[in-house]
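Please read these comments alongside the model shown here. They take up disulfides, a surface patch, a pocket and salt bridges in turn.

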Amino acid sequence: MKALRRYATAAFAVACLHLIFGAIVRISGSGMGCGDHWPRCYGSFFPPLDRPDLIIEVTHRYLASILLLSLIAVLVAAWRRRMEPGVGGRHGVLRSAALAVTLGFAAALLGAMTVKLGNAPFATLAHWTVAMSLVAAVVATVIRTGGLGGASAMASTRSAKAMRGSAAGAVMALLTVVMGGLTAKYPGAAVACLKFPQCGTNPDVALSAVHVQLTHRILALVVVLHLVGLAFAFRKRMEPPVLRRAAAIAAGLGVLQLLVAGAMIGMHLPPVLRSLHEATGVAVWIGAFALAYLARVRGGGGAAVGALHEPTVPAPSADEFVMADAVRTATVTTPRIAFASALAEAPVMISSPVVAEQAASDRAAIEQLIDEVNSEESLDGLQPVEAPVVVATAAEPLSDTTAAVPDVDGPAARPVTARPKMMHSVAVIVARGADF
């Protein structure tokens, strides 16, 4: 699993770098740096690097190829280890790796469509949405291998509120980044608002472009407020530390995104620095998705692959009982023996070998007392009394109802009816005073 974690982490790093270059390609207008040629760039995989837009576009394509190769490497490594626990089957690394490879090829095909259609807005938006889904699949793969806090999340439990709240944050974050992609490509939407946090409508753009920009801003503000609220709520409810850290990171990235957005508009940053806004937006989406996945990795209908199961209490074995039969019935012929039986009726908790040894010693003392009384002839005329002598029980005392007591001679359990608590009679009290 450690090797898979290294492969998945490397693929995640390449995916993040690829997304950053994608933002630079779109903001710098380098999407058509290679013309409408795909997969070659002007008929060559290694064209002359004589133009900045060509360099940016071809570098983006190289990173896309490296990302696909890294995803395929993760898939092959998971396939070779598919028989290991946590790799094959449902919630396994193999399935998430296969999904990542599928989304990687889909993103490549949509990229080709974007080039062939001359960077049409709807094609670019589809390409951007699939790219967000791809990075989410890579994040899920890393978490399933135990990275990004996955190992800690698998070994902990969390509340249903944490699952619902983090899932809502991830959905809103995805809508926000998709709207961000639409804002960047919709004609005039990127410059529709000239102020921050107020809009300051630009009269040179259409009203629809202003609506797109405002929708993106409102969604971004709601996401940040939601993530900040989750961070405080998780700390107040004492959720697992891994979730508290993930919520704090996601909230911090959201606040940073608002600051970058304000600086981008207020300081009129150049295109290269404006890509920082998109990079932090992607980071918010990654943080929100990772938080949601960590919150559901254990509680959402089954643990993720490689999860650490909660410890269970093993059934008591034969060695944990003082004797083979947990209850034996003795015929008591004197009130003195009845009192001894009453003393023996108290259950003995077997929690350690020392306690078991002490219980065995007490039982031997009681049986010796019974033998001594049976040998006396002065009490032969008294009425015999039937009383069960409880030698030892398992983890819990016997109740007044029928209980199943393990039988060391066989796997089946046999019902035993425990005798109700015995009231001390006058004869027992007299016998106790005479003997003790």
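The numbered points below begin with the basis of the model.

1. This is a predicted model, in which local features need pLDDT of at least 70 and side-chain atom pairs count only at pLDDT 80 or more, while totals for chains, interfaces and linings use all residues. Residues are numbered from 1 along each chain as its sequence is written, and side-chain values use heavy atoms, with hydrogens and water left out.

2. The whole structure contains 2 disulfides, a disulfide being a pair of cysteine sulfur atoms within 2.5 Å. Counting bonded cysteines along the chain, the pairing pattern is 1-2, 3-4.

3. C193 counts as buried because its relative accessibility is 4%. C199 is buried as well, at 13%. Elsewhere, C16 has a relative accessible area of 22% and is therefore partly exposed.

4. L69, I72, V76 and F105 make a nonpolar surface patch of about 360 Å². Patches are made of residues with over 30% relative accessible area and no salt bridge, with like charges joined within 9 Å and nonpolar side chains (Val, Leu, Ile, Met, Phe, Trp, Tyr) within 5 Å. Accessible areas come from the Shrake-Rupley method with a 1.4 Å probe, and for residues only the protein chains shown count as cover. Helix α2 (residues 52-80) gives the patch its largest share, 3 residues; helices (H or I, at least four residues) and strands (E, at least two) are DSSP runs, numbered from the N terminus. L69 is in helix α2 and counts as exposed because its relative accessibility is 59%.

5. What is the volume of the largest pocket? The volume is about 1000 Å³. The largest pocket is lined by 45 residues, of which T183, Q213, H216, M264 and H277 are the closest to its centre. On a 1 Å grid over the protein atoms alone, a pocket is an open set of points where a 1.4 Å probe fits, with protein on both sides within 12 Å along at least five of seven lines; lining residues have an atom within 4 Å of a point. Grid points are joined across faces, edges and corners, and a volume is the space filled by probe spheres set on the points.

6. At least two lining residues of the largest pocket come from each of α1 (2-27), α6 (160-185), α7 (207-236), α8 (241-266) and α9 (271-296). The largest share of this lining, 9 residues, belongs to α7.

7. There are 3 salt bridges, each a side-chain nitrogen of Lys or Arg within 4 Å of a carboxyl oxygen of Asp or Glu. E57 and R61 pair at 2.9 Å, N to O; both lie in helix α2, 4 residues apart, about one turn of the helix. Both E57 and R61 are buried.

8. R51 pairs with D53, the closest N and O atoms being 3.1 Å apart. R51 is partly exposed at 29% relative accessibility, and D53 is partly exposed at 25%. In the salt bridge of R237 with E239, the closest N and O atoms are 3.2 Å apart. R237 is partly exposed at 34%, whereas E239 is buried at 4%.

Key
Buried < 20%, exposed > 50% of the residue type's maximum accessible area, 1.4 Å probe, protein only.
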